[in-house]
Amino acid sequence: MCKSPLHDFIHGLPKCEHHVHLEGCLDPELIFHLAARNGITLPSPTENPAYASIAALTTRYEHFTSLDDFLAFYFEGMAVLRTEADFSDLAWSYFQKAHADGVHHAEVFFDPQVHLSRGVSYKTVVDGFAAGCKRAEIELGLSTRLIMCFVRHLPVSSAQEVYEEFLSHEHFESELVHGLGWSSSEVGPPKDMFREIYASASAKGIPLTAHAGEEGDPTYISTALELGATRIDHGIRLIEDPELMKRVANEGILLTVCPLSNVRLRCVPSVEHVPVRKFLEAGVKFSINSDDPAYFGGYILDNYCAVQEAHQLSVMEWRIIAENSVQESWIPDERKAELLVLIEGHVKKHMVEVGV
Ligand code: HPA
Ligand SMILES: [Zn+2]
């Protein structure tokens with residue numbers, strides 16, 4: 001909870017989340033619990049003292065030194081997920097928290113390559129996550145979308161395999177998996193490593209996004225756009241290239257900004273340095289998201305609150321953020337219209353309460 005007089009308004013503001021990795025919702029307690037349930041040996045504390053206890057692991061997460069330092073824990077942690085129930089329980093626990101934070105629509109990432117590499121099938125992963133999504137739609141009234149991410153630290157051939165599996169499944173036809181993205185290590189592997197896959201997916205009209213401009217410079221963003229991404233995950237380093245920033249604003253490309261993630265991964269020294277105001281002034285559309293909430297110290301409302309404490313936004317600025325989040329969601333116009341009505345009603349109610 002933040003100290004802002006707008007806290008209740010921000011809490012109740014209808015939100016869309018576009019950048020959350022379901023595997024990033026696996027908190028230390030659940031890691032230890034699932035390791036025991038599935039008979040999986042976590043790294044021994046002599047190998048890595050962070051695994052000495054739930055408390056030690058939680059404390060270690062407060063000291064990531066970079067994206068890759070975090071990713072080592074993230075990929076190690078997800079090894080405890082084995083059964084369809086593990087995946088559906090994890091998704092359901094995220095959706096309950098998101099719902100409590102005022103989320104009405106959530107587009108959620110998952111990383112099948114990493115699960116396949118340890119013998120868990122694509123079907124187990126997708127069926128489990130999809131069951132969690134369905135439950136959230138029925139029991140909580142959320143709309144949801146699954147976005148499959150390719151990871152940049154594994155060979156392109158592994159991404160190609162999972163892309164073919166995605167195309168061959170009924171999931172593709174039924175749009176159970178709605179869009180594609182890429183994530184993992186940014187600086188190091190070739191910027192355009194997914195060129196062929198993105199060209200093929202673009203030609204099929206599949207919505208595409210990409211992690212870029214988190215640690216990497218703005219050329220990572222321009223490369224992602226050149227390859228067909230119509231949305232950019234993170235993108236905070238866009239402010240270093242004013243010309244590209246104009247293009248992103250003119251084309252209405254959404255940045256899915258994750259303030260607490262940026263601080264924990266040392267991309268910025270504090271939330272004050274996340275260029276929220278510069279983006280608002282330049283007309284760049286962005287949403288505010290949690291990324292890997294179990295690792296970065298907060299879910300979506302914590303991120304909204306951190307932005308409010310750092311940037312003191314007005315009701316009208318929050319309205320713009322909320323409306324842009326709806327407009328750039330990958331949902332039909334009718335659903336957008338429903339969500340825009342909710343936002344308008346929420347703003348009006350607030351105005352009446354404060355006597356404006
Ligand atoms: O913030 C991130 N960046 C890149 N890859 C990721 N995978 C999970 N979270 C992230
Ligand atoms: Zn991410």
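Here are some questions and answers about this predicted model.

Visitor: How are residues, chains and ligands numbered, and what pLDDT do local features need?
Guide: Residues are numbered from 1 along each chain as its sequence is written, while chains are lettered from A and ligands numbered from 1 in the order in which they are written. In this predicted model, side-chain atom pairs count only at pLDDT 80 or more, totals for chains, interfaces and linings use all residues, and local features need pLDDT of at least 70.

Visitor: How many charged residues are in the shell around ligand 1?
Guide: The residues around ligand 1 include His21, Glu214, Asp291 and Asp292. A residue counts here if its C-beta atom, placed from the backbone, lies within 6 Å of the molecule. Asp, Glu, Lys and Arg count as charged; Ala, Val, Leu, Ile, Met, Phe, Trp, Tyr, Cys and Pro as nonpolar; the others, Gly among them, as polar. The shell has two nonpolar residues, six polar and, for charged, three.

Visitor: Is aspartate 292 buried or exposed?
Guide: Aspartate 292 sits in the loop between β8 (286-288) and α15 (293-296). Buried means 20 or more other C-beta atoms within 10 Å of a residue's own, exposed 12 or fewer, and partly exposed in between, with C-beta atoms placed from the backbone. Aspartate 292 has 27 such atoms, so it is buried.

Visitor: Which UniProt annotation covers Asp292?
Guide: UniProt positions are given in the numbering used here, feature names are shortened, and annotations may be inferred rather than shown by experiment. The entry is unreviewed, and its annotation for Asp292 is "binding site".

Visitor: What is the bridge partner of histidine 21 in β2?
Guide: Strands (E, at least two residues) and helices (H or I, at least four) are DSSP runs, numbered from the N terminus. Two strands pair if DSSP finds at least two bridges between them. Strands β1 (residues 15-21) and β2 (residues 103-110) pair in the parallel sense over five bridges. In β2, the partner of histidine 21 is phenylalanine 109.

Visitor: Within what arc do the buried residues of α10 fall?
Guide: Helix α10 (residues 195-203) has Ile197, Tyr198 and Ala201 as its buried residues. They line one face of the helix, because seen down its axis they fall within an arc (of the directions from the helix axis to the C-beta atoms) of 95°.

Visitor: Which residues are exposed on the other side of α10?
Guide: An α-helix has 3.6 residues a turn, so residues three or four places apart point the same way. On the other side of α10, the exposed residues are Ala199 and Ala203.
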